[in-house]
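Thanks for asking me to look this one over.

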Amino acid sequence: MDITLRHVWRSFGEKQVLRDFSHTFPQGELTVVMGPSGCGKTTLLSLLLGLQAPDRGEILGLEGLKKSAVFQEDRLCENTTAQANLRLVNPSLTREQANQALTALGLGDSLSQPVREFSGGMKRRVAILRALLAPYDVLLCDEPFQGLDQDTKALVLTYFREKTRGKTVILVTHDEKEAEFFGGPLLLL
């Protein structure tokens, strides 16, 4: 089912962030959301995740859907391993499956280290994998590839595209090259 926002308004005090916003996100497609800072991209994701409610308007198509997310912050359990972070959101994931995914994104040498010892780029990859490996119907991502060097970003983008093919994904980015890489629907706020 498509996800549809109809005449959604959201403000914070005197600041109107979304004003009579309507849009449909097609099921099974990756939609890239772009726009200047402060235009409501993160607010849009918060509404779709149910972390905030619209001041008025309605959001349809989310009933009963499992949601997964990559936030701007990594939000990892710092005292556990990357594998434990992945299995936290998906207990049915085997250690071998978790290790394969971590190795695919260049983290195979760090399987026994606690996440607190990881660099920022390593933590970012774990956060992305955690969202990808959680059971979900819709994946919401807020600047998921920030902080990755060029070579690592190329690896992660390819992996991400492969793992999300045919799934409903809403991805916020400021990076025009990322938008071009994914193609598909583009929403400019």
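1. Let's begin with K153, which is buried, its relative accessible area being 17%. Please keep in mind that this is a predicted model.

2. Which partner does K153 meet? Its side chain forms a salt bridge with D175, at 2.8 Å from N to O. K153 sits in helix α5 and D175 in the loop between β7 and α6, so the pair ties together parts 22 residues apart in sequence. D175 counts as partly exposed, at 25% relative accessibility. A network of salt bridges links K153, D175 and E178.

3. Now for the helix itself. Helix α5 covers residues 150–164 and reaches 21 Å from first to last C-alpha, close to the 21 Å expected. At its start, a side-chain oxygen of D149 comes to within 3.2 Å of the backbone nitrogen of D151. Just after the helix, G166 has a positive phi of about 80 degrees.

4. What does α5 pack against? Its buried residues, including V156, L157 and F160, pack against several elements, among them β3, α4 and β7.

5. Do look at D74 and R124 too: they form a salt bridge with the closest N and O atoms 2.8 Å apart. This pair joins the loop between β5 and α2 to helix α4, across 50 residues. D74 is buried at 19% relative accessible area, and R124 is buried at 2%.

6. For context, the count of salt bridges comes to seven. The UniProt record, an unreviewed entry, places "domain: ABC transporter" at residues 3–189. Over that stretch the chain is 34% helix and 26% strand.

Note on methods. Residues numbered from 1 in each chain as written. Predicted model: local features only at pLDDT ≥ 70, side-chain atom pairs only at ≥ 80, totals over all residues. Heavy atoms only, no water. Helix = DSSP H or I, 4+ residues; strand = E, 2+ residues; numbered from the N terminus. Expected span 1.5 Å × (residues − 1). Buried < 20%, exposed > 50% of the residue type's maximum accessible area, 1.4 Å probe, protein only. Contact = heavy atoms within 4.5 Å. Polar contact = N/O pair within 3.5 Å; in protein donor to acceptor, adjacent residues only side chain to side chain. UniProt positions renumbered as here; feature names shortened; annotations may be inferred. Salt bridge = Lys/Arg side-chain N within 4 Å of Asp/Glu carboxyl O.
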